[in-house]
Amino acid sequence: MSRRKAEPSADPMPDRIEPCLAVLASEPPRGLQWVHEIKWDGYRVAVHVEPSRVRILTRRGYDWTHRFPAIAHAAESLQRTTAILDGEAVVLDKNGRPDFGLLQQALGGVGGTATAGAAVLYAFDLLYYDGRDLRSLPQKERRRMLESILRGVTSAILLSEEVDVSGAELLRVACEHGLEGIVSKHTEKPYRSGSRSGDWLKITCSQRDSFLIVGFEPSEALPSAIARLLLAARRGGELVYVGSVGTGFSDKEAFALRKVLNEIATDKPAVALKRKGVIFTEAVLVAEVQYRAWTHEGKLRHPSFKGLRAKADEADVYEVDADG
């Protein structure tokens with residue numbers, strides 16, 4: 001009697017996947033093995049689609065499904081099967097450009113817990129589909145499948161387009177239009193969770209990183225507001241002061257920041273800094289800061305505040321050279 005061939009078992013759906021991380025590069029790579037797309041300015045999320053539910057998870061694994069209702073609703077159209085989408089949740093300005101500040105406002109501002117109904121997802125990778133873990137496949141195969149399944153999805157889930165030009169040309173256009181930069185990906189490489197292998201590269205128009213807030217200068221013009229934030233980076237196992245930022249936030253944000261920072265004020269500075277008139281805080285809040293360059297003294301040149309990073313986003317705090 002002939003024996004029936006067993007059906008291949010499905011891969012169990014991961015409860016959470018560490019994202020693949022891009023390495024900062026000074027210029028776009030060249031060669032046909034690289035593809036290029038816009039770098040979106042928002043929160044990295046993974047959208048888990050199952051027949052009975054949809055989950056939207058932050059980098060740190062927090063469930064923010066309720067905070068991105070339009071994305072969750074759009075993902076329901078994929079519930080004929082199972083899938084995990086990797087992408088960026090963003091809010092677009094009136095010109096169609098992603099704006100991190102608008103996203104922060106939609107989420108309720110400093111310390112907010114609001115719902116960002118205007119947020120959309122730019123999906124750029126497919127990690128799991130129809131009972132199969134796709135991470136071992138080359139990028140170009142995952143991309144082909146992602147394009148196929150998103151054809152029937154509308155509104156709040158959009159495909160992050162690969163643009164058929166050189167990386168240098170796309171970067172030039174991105175910078176001209178006020179975008180953050182581009183991401184370049186090697187088409188033959190698998191998805192490496194939690195890795196900065198160099199398979200993905202990010203090239204930015206201006207430098208932008210995350211720094212810990214270690215204190216603030218109170219405003220003299222606006223009582224109960226801040227004038228400047230004191231910032232620190234990591235160096236080995238310690239924190240080092242890298243300057244202050246006093247632009248980029250509105251009066252309303254200055255009041256809200258003061259209220260939050262007052263609650264974590266401390267007499268024990270997290271950095272070696274002596275300055276009169278400042279209030280030091282515990283180093284637990286992360287600020288997203290855009291800046292032009294570094295000074296010879298290791299301080300940020302022309303910094304501008306872009307918003308607070310939520311703990312759920314697990315932003316990487318900038319690390320300076322231990323020899324610097």
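On a 1 Å grid over the protein atoms alone, a cavity is a set of points where a 1.4 Å probe fits but cannot get out, whereas a pocket is an open set with protein on both sides within 12 Å along at least five of seven lines; lining residues have an atom within 4 Å of a point. Grid points are joined across faces, edges and corners, and a volume is the space filled by probe spheres set on the points. The model examined here is predicted: local features need pLDDT of at least 70, side-chain atom pairs count only at pLDDT 80 or more, and totals for chains, interfaces and linings use all residues. Residues are numbered from 1 along each chain as its sequence is written, and side-chain values use heavy atoms, with hydrogens and water left out.

One cavity of 30 Å³ or more was counted. The volume of the largest cavity is about 90 Å³. Its lining comprises 13 residues, and Ile17, Pro19, Val45, Ala46 and Thr58 lie nearest the centre. Two or more residues of this lining are given by β3 (43–50) and by β4 (53–58); helices (H or I, at least four residues) and strands (E, at least two) are DSSP runs, numbered from the N terminus. Strand β3 gives the most to the lining of the largest cavity, with four residues. Ala, Val, Leu, Ile, Met, Phe, Trp, Tyr, Cys and Pro count as nonpolar, Asp, Glu, Lys and Arg as charged, and the others, Gly among them, as polar. By these classes, seven nonpolar, two polar and four charged residues line the largest cavity.

The largest pocket holds about 910 Å³ of space. It is lined by 39 residues, of which Ala22, Lys39, Arg59, Arg196 and Lys202 are the closest to its centre. Elements giving two or more residues to the lining of the largest pocket are β1 (23–24), β2 (34–38), β3, β9, β10, β11 and β15 (286–291). The lining of the largest pocket has 17 nonpolar, five polar and 17 charged residues.

In soluble globular proteins, nonpolar side chains tend to be buried together. A nonpolar core is here a set of buried Ala, Val, Leu, Ile, Met, Phe, Trp, Tyr and Cys residues joined through side-chain atoms within 4.5 Å; buried means under 20% relative accessible area, exposed over 50%, and partly exposed in between (1.4 Å probe, protein chains only). The largest such core has 48 residues, and those with the most contacts inside it are Val47, Phe68, Ile71, Leu85 and Ile157. Strand β6 (residues 120–129) supplies the largest share of this core, five residues. Another core lies apart from it and has 24 residues, including Val240, Val242, Val245 and Val289. Contact means heavy atoms within 4.5 Å. Not counting residues up to four places away in sequence, Val47 touches Val54, Arg55, Ile56, Ile71, Ala75, Ala83, Ile84, Leu85 and Leu121.

Side chains of opposite charge can pair when their charged atoms come close. A salt bridge is taken as a side-chain nitrogen of Lys or Arg within 4 Å of a carboxyl oxygen of Asp or Glu, and 24 salt bridges were counted. One of them joins the side chains of Glu50 and Arg55 (4.0 Å, N to O). Glu50 is buried, at 17% relative accessible area, and Arg55 is also buried, at 9%. Asp15, Glu50, Arg53 and Arg55 are linked in a network of salt bridges.

A salt bridge also forms between the side chains of Glu162 and Arg143 (3.6 Å, N to O). This pair links distant parts of the chain, 19 residues apart: Glu162 lies in the loop between β8 (157–159) and α4 (167–176), and Arg143 in helix α3 (residues 139–149). Glu162 is partly exposed, with a relative accessible area of 25%, while Arg143 is buried at 4%. In the salt bridge of Asp316 with Arg196, the closest N and O atoms are 2.2 Å apart. Here too distant parts of the chain are linked, 120 residues apart, with Asp316 in the segment after β18 (304–309) and Arg196 in the loop between β9 (181–186) and β10 (200–204). Asp316 is partly exposed at 38% relative accessible area, and Arg196 is partly exposed at 40%.

Positive phi values occur at two non-glycine residues, Ser224 at about 70° and His302 near 55°. Ser224 lies in the loop between β11 (207–218) and β12 (226–235) and is exposed, with a relative accessible area of 51%. His302 is found in the loop between β17 (300–301) and β18 and counts as exposed at 52% relative accessibility.
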